[in-house]
Structures are given as C-alpha cells and as structure tokens.
Amino acid sequence: MLALHVLASGSSGNAAVIENTATGAGVLIDCGICKRDFLNRCDEAGFDPGRIQAMFVTHEHADHVRGLGVVLRGLAKIGNVPPVFAAGACTANSSALAKAAEAFDVRDLTTEPDAVEAAGMRIIPFATSHDAAASFGFRIEDAADGDAVGYLTDSGIVTAQAHAALRDVRILALESNHDPKMLAAGPYPYVIKQRIASNSGHLSNDQAAAELGTLVAESRTAGLRLPQTVVAMHVSQNNNDYSLARRSLEATLGDAGCCAETLCGYQARLTTAR
C-alpha cells in the first residue's frame with residue numbers, strides 16, 4: 001500500500017513524499033521548503049529521507065524548488081543521491097534547478113516514456129495547465145498490488161490527460177486553491193487575481209469539487225475504485241480557508257454517496273493519508 005505525506009502545501013513552499021509502506025522507500029514530489037522543515041516533517045511522518053529513491057518536480061516556480069539544492073546536499077551527506085526528474089524547460093528557467101543539475105543527477109521529465117520506475121512504484125507524469133515553462137501532475141502506482149495515488153496541483157484547468165490519470169485511485173491529492181468570492185474581494189492586484197483564476201492559474205474550490213464529482217460518477221459507472229481519501233492541496237492562505245476547501249469536497253462526496261475521508265495539505269504542518 002502507498003502513503004502520501006504532505007510535508008507542506010501552499011504558496012510559501014511545497015513538498016510531498018509518496019511512501020511504499022511495504023518497503024519504507026519513497027519518492028519526493030517538489031522541494032520548496034527548507035532542510036529543517038523537510039527533515040522534521042519526514043521524522044514526524046516516520047519516514048526515513050535516506051530511503052528517497054527519486055525526486056520529481058511539478059514545475060520550476062520557487063515555492064516548488066527553492067529547497068531542492070540544500071536538501072540534496074543534506075541527503076548526499078548520508079549517502080543518498082537520488083535522481084531528480086524535471087522538465088528541461090523548467091531546468092533552463094530556474095536557477096535552483098540549474099545549480100542542482102551542475103552537481104547532481106537531474107534528468108529530463110516528459111510524458112514519453114510515460115512512466116518512471118522507483119521505490120517499487122510507477123510514477124506516471126501528465127501535463128497540467130499552469131503559467132510555467134512546463135508543468136506536471138503525477139499518478140503513482142504500487143508495482144506490486146496496483147494501489148494508486150493521484151497528485152494534481154498548480155493547474156488552472158483539469159486537462160484531459162490529468163482527468164484520465166486521476167481515475168481509479170485510492171488517494172487523491174487535488175488542488176483546491178481559492179474561493180472565487182474571497183479571491184474577487186481580496187487584497188491582490190487585479191492582474192494577479194486574473195492570473196490565479198485563469199486557465200493557466202490555480203483550481204478553485206468549485207473546480208476541484210466539480211472534478212471530484214465527475215471522477216466519482218465515472219469511476220462508479222466503469223466499475224473502478226472510488227477514492228478513499230481526498231486531500232485538498234495548495235489552499236491559499238489569503239483567498240481561501242481550509243474549512244471551506246474541505247466542506248466543498250465533503251459536500252460533493254455526500255451528494256455522490258461516497259464516504260471518502262477529506263483532509264487538507266497545510267502550509268506549516270504535516271498531513272498523512274494512508
């Protein structure tokens with residue numbers, strides 16, 4: 001079985017570990033937090049960072065990569081030097097990624113071939129829609145038993161590729177960034193509000209709930225598994241509220257007759273879904 005440890009999620013920094021609980025090995029998605037927070041939250045999760053076998057970068061924005069170099073250097077000191085998978089365009093547009101590539105094994109991430117094998121898991125990237133040089137979400141499958149986690153954050157819309165990848169998963173990490181009314185009435189400049197709400201910005205609570213409802217309905221019709229845990233990701237601290245994001249997802253699950261647990265990924269504390 002797989003476990004998702006959200007070490008941090010939000011505009012101030014993002015990092016998540018997918019753990020293969022049968023072996024204790026795992027992969028890291030993004031590293032936009034400091035080494036202290038990374039190590040402390042791994043310890044709180046009961047996960048040994050020396051067991052990270054690969055790192056994956058969703059895109060090059062600083063809140064997803066600013067801690068990558070220092071964490072890689074810290075892992076190297078304990079004898080662990082995992083490969084980093086990032087789109088070439090992202091590496092070219094990020095000083096943090098470019099510096100990491102000078103000292104570590106940074107490999108090009110694309111949707112071809114469509115999977116990377118690491119830690120007894122298949123990590124399948126899919127395209128998202130964000131104002132970055134390139135951006136990805138991930139479907140992570142346990143190679144032994146078929147357990148699956150869907151991971152989508154930083155996307156203004158749910159692409160067709162993303163929607164297909166998020167079906168038939170047990171744990172769903174789904175961006176629920178902003179409440180449209182709070183965003184409209186909030187303090188951000190108009191141009192920033194437009195960016196967030198655009199097709200290359202971030203998913204709102206309403207968009208996340210609509211996608212969740214469609215996934216549940218389609219999965220039930222097709223005889224696929226329904227999500228057991230849904231985690232609201234990248235919740236804005238200025239344009240949203242954790243309780244709003246959760247209630248929106250809970251209402252959709254209730255309407256669909258699905259009893260999945262709902263959680264939030266927080267900016268400053270650990271969330272674990274098992």
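The buried residues of helix H1 (residues 35–45) are Phe 38, Arg 41, Cys 42 and Ala 45, where buried stands for under 20% relative accessible area, exposed for over 50% and partly exposed for values in between (1.4 Å probe, protein chains only). Helices (H or I, at least four residues) and strands (E, at least two) are DSSP runs, numbered from the N terminus. Viewed down the axis of H1, the buried residues fall within an arc of 105°, so they line one face of the helix; the arc is that of the directions from the helix axis to the C-beta atoms. An α-helix has 3.6 residues a turn, so residues three or four places apart point the same way. Arg 36, Asp 43 and Glu 44 are exposed, on the face of H1 turned away from its buried side. The packing partners of the buried residues of H1 are strand E1 (2–8), strand E3 (25–31), strand E4 (52–56), helix H3 (68–77) and strand E14 (271–273), with contact meaning heavy atoms within 4.5 Å. Gly 46, with a positive phi near 75°, follows H1.

The model is predicted: local features need pLDDT of at least 70, side-chain atom pairs count only at pLDDT 80 or more, and totals for chains, interfaces and linings use all residues. Residues are numbered from 1 along each chain as its sequence is written, and side-chain values use heavy atoms, with hydrogens and water left out.

An open sheet of mixed pairing is formed by seven strands in the order E7-E8-E9-E10-E11-E12-E13; two strands pair if DSSP finds at least two bridges between them. Strand E7 (116–118) and strand E13 (261–264) are the edge strands, each pairing on one side only. On average, neighbouring strands of this sheet are turned by 20° against each other, direction ignored. Axes are lines fitted to C-alpha atoms, for helices over the stretch in contact, and angles run from 0 to 180 degrees between N-to-C directions. Three bridges link E7 to strand E8 (residues 121–127) in the antiparallel sense, and Ala 118 has Met 121 in E8 as its bridge partner. Helix H9 (residues 205–222) packs on the sheet, where H9 touches strand E11 (171–175) and strand E12 (229–233), and its direction makes about 150° with that of E11. Helix H10 (residues 242–256) also packs on the sheet, touching E12 and E13, at about 160° to the direction of E13.

Asn 238 lies in the loop between E12 and H10 and, at 45% relative accessibility, counts as partly exposed. Not counting residues up to four places away in sequence, Asn 238 touches Met 182 and Tyr 188. The side chains of Asn 238 and Tyr 188 are joined by a polar contact of 2.8 Å, that is, a pair of N or O atoms within 3.5 Å; within protein, one must be able to donate a hydrogen and the other to accept it, and residues adjacent in sequence count only if both atoms are side-chain atoms.
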